[in-house]
Amino acid sequence: MKMSNFTYDWPLVGNQQITEFLEKSIQNNNISGTYIFNGPDNLGKTTLAKSFASALLCSAKESGSGRLPCGQCRSCHQFKQSEIAADKGAVQAEIGEGHGDFHVIKKEKDKKNISVEQIREFIRVLSMSSFLGGYKIGIIKHADSLSVNAANALLKTLEEPRPKVVIILIAEDMESLPATIASRARVLQFRSVPTDTIYEYLINEHKASRSQAKDLSRLALGRPALAVKFFENKDTYTFYQEQVNVFLDFKNQTIGERFLSIESLLGKKTTGQEAVRIAGRVLQVWQGALRDLLLMEYGFFNIIQHQITKEKLDALKPLFSLTDIFRLFKAIEAAEENIFYNVNPKLALEEVAVKV
Ligand SMILES: [Zn+2]
């Protein structure tokens with residue numbers, strides 16, 4: 001068999017072992033029917049999955065050499081179209097408008113699960129024959145939130161794999177996927193990326209200044225896509241800062257003032273899945289601020305996450321005893337659990353606020 005000789009430009013920072021594995025799979029023509037891309041959010045899993053899909057669908061793959069994906073062939077063009085449509089938020093784009101052989105589904109906003117109907121439609125389109133005569137590829141985002149019926153429907157498909165159909169499940173926590181699904185998939189485990197790698201990446205690829213790169217690479221805690229979001233989107237960055245400040249300011253506020261700050265973080269949505277999502281993020285941010293206070297307690301000033309609010313942290317640090325810090329870690333953990341068990345997210349945040 002002729003050896004293939006491709007060059008790649010994977011859109012991934014860190015996690016090199018994963019791109020090496022994918023390259024080898026393409027090289028040896030050893031493509032699995034099911035993959036699970038597992039790991040914390042904002043590591044670039046979905047972006048890489050799309051890039052892998054476009055490489056498999058690219059017609060340059062048949063020629064055995066050159067850049068993959070080539071960016072020139074019919075498939076690559078269609079891919080670009082579907083990306084543009086998805087950026088515009090077109091509903092059809094989510095099931096692959098623009099590229100007949102590529103489909104993405106995800107948990108709908110304000111829904112707790114991916115439904116069995118979504119999975120059935122997904123399976124139906126993937127089982128149709130390929131438009132371009134090659135692979136049919138489907139991505140399931142938020143795969144750890146498949147409903148029980150959806151997971152069962154998917155499992156039936158995975159048990160009878162079809163040639164040239166590839167399904168990529170994206171998960172933050174594959175523990176919540178049925179083991180029967182995981183056992184049929186090739187699992188690729190994504191890990192947090194070293195701060196220095198993100199720092200270099202922000203400077204080299206995004207032309208960030210050294211001080212921006214320093215702040216953002218720390219803030220992102222190993223998640224490059226988050227660092228880029230902060231860099232490119234001022235609102236995301238400002239909202240993050242606001243969440244840290246709200247937490248640190250509790251110490252000097254009345255209970256009434258604390259509750260008002262929480263309302264401003266949650267906006268109008270104080271119930272429903274969107275509020276659950278925001279409250280979950282807020283608790284993670286608060287945990288980060290607490291971790292910084294703990295690091296400062298032990299003199300590790302250089303590795304604190306929130307360089308951006310270092311002055312405020314310095315000023316408030318004396319007000320938090322070690323006992324306070326551990327008590328608050330516990331309160332945050334309890335709040336996370338309460339939200340999981342359907343306690344109103346606003347109430348859960350308030351319960352932490354009164355303990356500061
Ligand atoms: Zn191509």
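User: At roughly what angle do the axes of helix α12 and helix α16 cross?
Analyst: In this predicted model, the axes of α12 (residues 255-266) and α16 (residues 345-353) cross at roughly 140° and come within 10 Å. The α12 helix is therefore oblique to α16.

User: Is that crossing right-handed or left-handed?
Analyst: The crossing of α12 with α16 is right-handed.

User: And which residues make the contact?
Analyst: On the α12 side they are R258, F259, I262 and L266, and on the α16 side P345, K346, L349, E350 and A353. Six residues in this contact are nonpolar and three are charged, with no polar ones.

User: What about α13 and α16, how do their axes cross?
Analyst: The axes of α13 (residues 272-297) and α16 come within 9 Å, and the crossing angle is roughly 20°. The two helices are therefore roughly parallel to each other. Their crossing is left-handed.

User: Which residues meet there?
Analyst: From α13, the residues are A275, V276, A279, V282 and W286; they meet P345, K346, A348, L349 and V352 of α16. By class, nine residues in this contact are nonpolar, one is charged and none is polar.

User: Changing topic to the strands: in what order do they stand in the open sheet?
Analyst: The order is β4-β5-β6-β2-β7, five strands with parallel pairing.

User: Which strands stand at the edges?
Analyst: Those are β4 (102-105) and β7 (186-189). Each has a single partner strand, so one side of each lacks a neighbour in the sheet. From one strand to the next, the twist averages 15°.

User: How many bridges link β2 and β6?
Analyst: Strand β2 (residues 34-38) pairs with β6 (residues 165-171) in the parallel sense over five bridges. Within this pair, N38 stands opposite A171 of β6.

User: Stepping back, how many helices and strands does the protein chain have?
Analyst: The chain contains 16 helices and seven strands.

User: And what is its radius of gyration?
Analyst: The radius of gyration is 23 Å. A compact globule with 356 residues would have one near 21 Å, so the chain agrees with that expectation. Along the principal axes, its C-alpha atoms fill a box of roughly 70 × 45 × 35 Å.

Technical notes:
Residues numbered from 1 in each chain as written. Predicted model: local features only at pLDDT ≥ 70, side-chain atom pairs only at ≥ 80, totals over all residues. Axes fitted to C-alpha atoms, helices over the stretch in contact; angles between N-to-C directions. Helix = DSSP H or I, 4+ residues; strand = E, 2+ residues; numbered from the N terminus. Parallel < 35°, antiparallel > 145°, perpendicular 65-115°, else oblique. Left-handed = near helix turned anticlockwise from the far one by under 90°. Contact = placed C-beta atoms within 7 Å. Nonpolar A, V, L, I, M, F, W, Y, C, P; charged D, E, K, R; others polar. Pairing = 2+ DSSP bridges. Rg over C-alpha atoms; globule rule 2.2 N^0.38 Å.
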